[in-house]
Amino acid sequence: MELHLSSEQTLLREAAAKFAAAAGPKVARGFRRRDISFAPEKLRQAGDLGWLGILVPSSAGGLSLGLTELALVLEQAGRGLVCEPIGLAAISAAALAQGHTPHPMLERTMNGAALVVPALQEDAHCNDLAEPRMRAADADGSIRLTGTKSFVCADGADGFLISAYGRDGPALFYVDRHAQGCELSATQTVDGRKLSTLRLKDAPADVVPSRQSSRNAVEALTDLALIALSAELLGVMEKAQEITLDYLRIRKQFGKPIGSFQALQHKAVDIYIRTQTTRSLLYQVAANNDPYRIDPALAVAVKAKASEDALFVTEACIQLHGAIGFTDEHDIGLYLKRAMLLSSLFGNAAAQRRRYVNLADLTV
Amino acid sequence: MFRHDSPDEAAFRAEVRTWLAANLPAALRGRTNRPPPAELMPWYRMLSRKGWIAPHWPKQHGGMGATLNQQIVMTEELAQVGAPQLPAQGLNHIGPILIEFGTAAQKARHLPPIIEGSVIWAQGYSEPGAGSDLASLATRATLEGDHFIVHGQKIWTTWGHHSDWMFALVRTAPQAQPRQAGISFLLLDLHSPGITIRPIKTIAGDDEFSEVFFDNVMVPAENLVGKLNDGWRIANALLGHERLGTSNPQFALMALERIKTMARASGVMADPTFQDRLAAASINVIALAALFSHAVELTNRQHGLGPDSSIIKIFGSELLQALDELLIEAAGSHAAAEQPIATDFGVVDVSTPFLQVRRATIYGGSSEIQRNIVARRVLNLPN
């Protein structure tokens, strides 16, 4: 089902589609196991196009657009297996723009000269998002963070937005990559990128204030991350669906295209139902929520559904391809691996459902 | 959940809510089955006198001429107060069909009684040999002078034994190819000689549907709707609207409330595995609301949804079944009780909604038929 878009939104989507078309499976393969698994000049290009400041108020130099526009860009990024962390950079810029005076890193983050990413997760199941164990201590008028963050997309990052427990409860802080007491160790992901553990010991930090009208900055950034990842997941599953439908029309067995067989047709429709329902859910939530005040139950619902459906879809796409789908040579596996990465971050589907139980009061 | 009322819609909602609170009889609220005509039709006529019986019909034919959003407000408020489902065949099917395809005489004769609630209509599509393969239907209508002679049988006719009239698909050109080209759309007075109607008891314990036999029934030629042998197109013209209507998320939201009540009463709400599955189902209810809202937006802006309406029907009906599976799970050994279960948290009817909802993935084209439609017409997969 098509989205009803304004002409500006359609132009934005077309520009993002063009950007994504220049990426794609071949480029994504090229970045596997590289030191920095994306092209910094491409991130700057996204910055030049305004996308990294897409949510940033125009008073702070951004485009002052909404979640729909963010989702339109990231959906295309997902389709193109784009490796540049456009979504994480864009939501970090939104977070840095919240104070009365924008954070000093905002401008460079918005134009893509520097990369700032969120570091909110401490365990694999995101049980800790609202109550971080990372500690912020106030010493001689300067703030220092101590603790550990996990599953950070630290590749190529210049700084981090870190949730920590301070004097007034959980708050958001900025720490420079090269700050004293900041240590990173990376592991490879299935799709050839890296996730890092970030260890801080008395690392100097500064507070990122929350927007006047909004909730806690940590919660606002978390909900933005859930929407951003979901939009990318939607693009991943849609492109995998498209590739698979093409294959069903072309591949012949028993003298007929395999897409003429009812068992495979019904599986294809199940894939389509997943992509369409995720799409409607994401864009209805995007259209009806302010970026800084997303209803947390809806953000969690979107990420739960997108994570589950992206795995369902990409797994089914491998199955519908048969043996060729199990080869590294074929592109369809790249979409499964990207779905594995994105669905696992900031809480997988099961972790989101656990949060939803409390948010929607599904309790005794 | 996603749509926001305009000021006019909000005022309309308040008006509807107040009126329903004051006028809907308590005995008709929160029913999990459809009340029989003796109980239901007085309520139908009350809505009619208020002018609200046909929000989607144009004013000139006795409807409200309401916008799609107003219609949704109305549906939401009716569901909210637990109003029973009204017989839909007149209001949602033959009424709109006659408004689009009927002659002036057909409109004048048949539309006012539907609005008034003085005539009940039945749909005559399925036959014993023509279910999913509807185009194979064999009930014959042979034109002899100024009458058709109708011979054959219809089945799964909802409220057939309570109905006065039937709109039916009949075969008027037995040799035509494709078979769809030999089908016409006919209005039949069910009180005509030669008609026998037998109610069929359903697994839910009611006799919601029946079988209807036609033994050389004389039907005036002027009861043909549209052109001879053009019935298939007419029957399909409004299917998308029907699929959208049956997938209103209010039914799923009501099912969710029943589950929560039952799960709290039985204590299973404390079980994390149950909570996980309830969360998954609840998230899908939000997704259905989003899908519905998206579909309404599209329908408001273009003529119809087209074959994409099939995925709403599949998703909505399968979700309702998943919800009622959680309901009987929450009820534990109470699940098999025929009567509603009294709990500290309120009375919950468990077996009736669970049994009732089996039909949702069958009527109006089974989930499997809907998947065939989507595969061919949306995904363009080969034959």
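This is a predicted model: local features need pLDDT of at least 70, side-chain atom pairs count only at pLDDT 80 or more; totals for chains, interfaces and linings use all residues.
The contact between the chains draws 34 residues from chain B and 31 residues from chain A. On the side of chain B that touches chain A, the elements that give two or more residues are helix H9 (272-301), helix H10 (309-331) and helix H12 (367-378) of chain B. Of these, H9(B) gives the most, with 17 residues. Sorted by class, this side of chain B has 22 nonpolar residues, together with six polar and six charged residues.

Helix packing within chain A was examined next. Two packed helices are described by the angle between their axes and the distance between the axes. For helix H9 (residues 296-321) and helix H11 (residues 349-359) of chain A, the axes come within 8 Å and cross at roughly 155°. Angles over 145 degrees count as roughly antiparallel, and H9(A) is therefore roughly antiparallel to H11(A). The crossing in which H9(A) passes H11(A) is left-handed. On the side of H9(A), the contact is made by A:Pro296, A:Ala297, A:Val300, A:Ala301, A:Lys303, A:Ala304, A:Ser307 and A:Glu308. H11(A) contributes A:Ala349, A:Gln352, A:Arg353, A:Arg355, A:Tyr356 and A:Leu359. The residues of this contact comprise eight nonpolar, two polar and four charged.

Helix H10 of chain A covers residues 332-344. From the first C-alpha to the last, its 13 residues reach 19 Å, close to the 18 Å expected at 1.5 Å a residue. H10(A) is mostly covered, as ten of its 13 residues are buried. The buried residues are A:Ile332, A:Gly333, A:Leu334, A:Tyr335, A:Leu336, A:Arg338, A:Ala339, A:Leu341, A:Leu342 and A:Ser343. Just after H10(A), a positive phi of about 55° is found at A:Phe346.

In chain B, H10(B) has 23 residues and reaches 33 Å between its first and last C-alpha, close to the 33 Å expected at 1.5 Å a residue. Because 17 of its 23 residues are buried, H10(B) is largely enclosed by the rest of the structure. Just after H10(B), B:Gly332 takes a positive phi of about 60°.

Helix H8 of chain B (residues 249-266) has 18 residues, which at 1.5 Å a residue should span 26 Å; its end C-alpha atoms are 26 Å apart, in agreement. Among the buried residues of H8(B) are B:Pro249, B:Phe251, B:Leu256, B:Ile259 and B:Met262, as well as the charged residues B:Arg258 and B:Lys260. The buried residues of H8(B) pack against helix H3 (68-80), H9, H10, strand E10 (346-348) and helix H11 (351-356) of chain B. H8(B) is followed by B:Gly267, whose phi is positive, near 90°.

A loop residue of chain B was also considered. B:Gln85 lies in the loop between H3 and helix H4 (88-101) of chain B. With 14 other C-beta atoms within 10 Å, B:Gln85 is partly exposed. B:Gln85 and B:Tyr44 are 41 residues apart in sequence, and their C-alpha atoms are 9.9 Å apart in space.

Conventions:
Residues are numbered from 1 along each chain as its sequence is written. Chains are lettered from A and ligands numbered from 1 in the order in which they are written. Two residues are in contact if their C-beta atoms, placed from the backbone, lie within 7 Å. Helices (H or I, at least four residues) and strands (E, at least two) are DSSP runs, numbered from the N terminus. Axes are lines fitted to C-alpha atoms, for helices over the stretch in contact, and angles run from 0 to 180 degrees between N-to-C directions. Angles under 35 degrees count as roughly parallel, over 145 as roughly antiparallel, 65 to 115 as roughly perpendicular and the rest as oblique. A crossing is left-handed if the near helix is turned anticlockwise from the far one by less than a right angle, and right-handed if clockwise. The expected span of a helix is 1.5 Å times one less than its number of residues. A residue is buried if 20 or more other C-beta atoms lie within 10 Å of its own, exposed if 12 or fewer, and partly exposed in between; C-beta atoms are placed from the backbone.
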